[in-house]
Amino acid sequence: MPNLVQAKSSTFKKLFNGSYYQIPKFQRTFAWQKTHVNDFWEDLLDAINYNKNHFFGSIVLQHNRSNEIVYDGQQRLTVVIALISIIIHALEEINNSKNDNQLNDYIKKLKRKYVYDKEQKPYLLLTKQDKDYFKKCLLEPEEYIHDKVTRKSNEFLRAHVFRNLKTHVNDRLQEIEDNLKKENYLKNLCDFICDKIYFVVIFADKHFPAATLFEVLNYRGVTLQPSDLIKNLIYSKAIEQRCSGEVDRAWSDFLDRASKVSINEFLKHFWILQNGQPLKGSLYKAMKRGLEGNVNILELVNEMRRHMVVYTDILKPYLGNRGAWNQWPEIKETLMAINKINAEVGVCYPFLMSLFNLKIGDDKLEFYRIRRKTLLLIENTFFRLMVCNKKTSYDLAKTFAEFSKRIKQNTVEELNELVKKIKQLSPDDGTFGQSFSTFNTSQRRLATYILYKLESYHRGKKEPITNDTSKVTIEHIMPQTLGHGWGNVGHYHKDYLNRLGNMTLLSKVLNKGNLGFTKKKNKFYKESDVILTKTLLKYTRWNKQMIAQRQKEMASTAVNVWSTN
């Protein structure tokens, strides 16, 4: 039996001796943030001050024909090489004025040994998303470390590594007046990094499965996410099925599309959609079990990519990425409402992905009608559950998961059946109305959603009020900060302030803060075009009894606004 793992200690100088180090495709992009880099710098200074060796953790390598594959250590190696390159550029700036051949040779030697070869190929080859930007920063840091970039991992490299470390080095150099002393400081710093930073280098035999190796490792300070491990599974499968190039391109496109939403949340909802049942336990373990069978991995990644487009449009309908929303503004509005309610609404996302990935049949009008009806029912059901303070039941989660798979066939019939099941699991009118009559919220976004819905119901076919929250805002009738005219409400102010009965919509021009109720009513509410605000004119005073009475009236309307019948 081969010896699968060997370990030995090594300095950075010994490690980088003409070898190339490759970060495998399935690993995460660069992930260290400013705190991690600052910790490295402070640890380094501490070791220098006390002239002691600095242990920098373990690195796990597997030998390949042309390079060493880095299974653990990407973050640390990246930061060390970045710091050496910053030292090199600082030395070049010093040498621009003195043109010292000896210093010039020293700089060339550092570059060729630790940073890149004669063809300027870096010795550390990062993932596809990071390697080009990393190389640019190594070659021309002044050109690339000041302007922001769009990819998150590139921005980490730019801001947290190169710019941050350059600032640390410059701060130290500013304390030194003489150029020769600056030169010596930089050389000593570089020598310390190369000779006094120690790693435990673990060499994994080529027979050791790469997927198993990656699975058991974590990076210093940055815990592996399910998406990192899942990516590893997918690439391992792709290598087995000899389609790693195609999967790499498809996965990169998938990641580019995933920039606006959580990849982990998407993968969870996607896997529920694939299996038609709620997820129990670890997402990674579930997908690992699922990928053990005869799965075409390229088809799976392409399916992920296709669903990611829809998933982004569901969670971010206001971005306008999907042309279909321009044709169906009511659906766009309902999706925006669904996303405002609460986090538990996420159980319906697998179903929504399936719903909006369906190809519309011959009866487009009927399909649109039932789809709109289903979305409204989802919105109203989840709103009722939230107001009644009821957790989403397993039965409801199971129903959405099941129908995410079922509606691919017999679409209209299946949707009609789903509608019936959701109605059965929704709080009834009496329970909802009672809960709404005492509901309170300090969340401005949620309160705005509720008041706009109530106002729209009262207006009917009248011209709707603007949805521009920069013009119309939440008005607390009994104000958040009590002023003159509110002296007798202090003992219940906190309990009733955020009750819906104490809120209305008002133009920002008219919203004048903490005036007394009578003054606000006669000067501002009277001028408002908002029906909810106009109804306040019938009240002669404002106290907790009036708040409760008004909210009870609002609850009667809410039963119709958020109807599930």
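**Exercise 1. Helices α10 and α12**

Task: In this predicted model, determine how α10 and α12 are oriented to each other, and list the residues that make the contact.

Solution. 
Step 1. Two packed helices are described by the angle between their axes and the distance between the axes.
Step 2. For helix α10 (residues 226–240) and helix α12 (residues 263–275), the axes come within 9 Å, and their crossing angle is roughly 60°.
Step 3. Angles under 35 degrees count as roughly parallel, and 65 to 115 as roughly perpendicular. The pair α10 and α12 is therefore oblique.
Step 4. On the α10 side the contact is made by Pro226, Ser227 and Ile230; on the α12 side, by Ile263, Asn264 and Leu267.
Step 5. Sorted by class, this contact of α10 with α12 holds four nonpolar and two polar residues, and no charged ones.

**Exercise 2. Helix α11**

Task: Compare the span of α11 with the expected value, then state which of its residues are buried and what they pack against.

Solution. 
Step 1. Helix α11 (residues 244–257) contains 14 residues.
Step 2. From first to last C-alpha, α11 reaches 20 Å, close to the 20 Å expected at 1.5 Å a residue.
Step 3. Buried positions in α11 are Val247, Asp248, Ala250, Trp251, Ser252, Phe254 and Leu255.
Step 4. An α-helix has 3.6 residues a turn, so residues three or four places apart point the same way.
Step 5. The packing partners of the buried residues of α11 are α10, α12 and α14 (297–315).

**Exercise 3. Salt bridges and burial**

Task: State how many salt bridges the whole structure has. Then classify the partners in Lys13–Asp195, Asp72–Arg76 and Arg406–Glu414 as buried, partly exposed or exposed.

Solution. 
Step 1. A search of the whole structure gives 20 salt bridges.
Step 2. Lys13 and Asp195 form a salt bridge with an N to O distance of 2.9 Å. The pair links distant parts of the chain, with Lys13 in helix α1 (residues 12–15) and Asp195 in helix α8 (residues 179–196), 182 residues apart.
Step 3. The cut-offs are under 20% relative accessible area for buried and over 50% for exposed, with partly exposed in between. Lys13, at 35%, is therefore partly exposed, and Asp195, at 30%, is also partly exposed.
Step 4. In the salt bridge of Asp72 with Arg76, the closest N and O atoms are 3.4 Å apart. Asp72 has a relative accessible area of 4%, so it is buried; Arg76 is buried at 4%.
Step 5. Arg406 and Glu414 meet at 2.8 Å, N to O. Arg406 is partly exposed at 25%, whereas Glu414 is buried at 13%.
Step 6. Elsewhere, salt bridges with shared partners join Lys98, Asp100, Glu183 and Lys187 into one network.

Note on methods:
Residues are numbered from 1 along each chain as its sequence is written. This is a predicted model: local features need pLDDT of at least 70, side-chain atom pairs count only at pLDDT 80 or more; totals for chains, interfaces and linings use all residues. Side-chain values use heavy atoms; hydrogens and water are left out. Axes are lines fitted to C-alpha atoms, for helices over the stretch in contact, and angles run from 0 to 180 degrees between N-to-C directions. Helices (H or I, at least four residues) and strands (E, at least two) are DSSP runs, numbered from the N terminus. Angles under 35 degrees count as roughly parallel, over 145 as roughly antiparallel, 65 to 115 as roughly perpendicular and the rest as oblique. Contact means heavy atoms within 4.5 Å. Ala, Val, Leu, Ile, Met, Phe, Trp, Tyr, Cys and Pro count as nonpolar, Asp, Glu, Lys and Arg as charged, and the others, Gly among them, as polar. The expected span of a helix is 1.5 Å times one less than its number of residues. Buried means under 20% relative accessible area, exposed over 50%, partly exposed in between (1.4 Å probe, protein chains only). A salt bridge is a side-chain nitrogen of Lys or Arg within 4 Å of a carboxyl oxygen of Asp or Glu.
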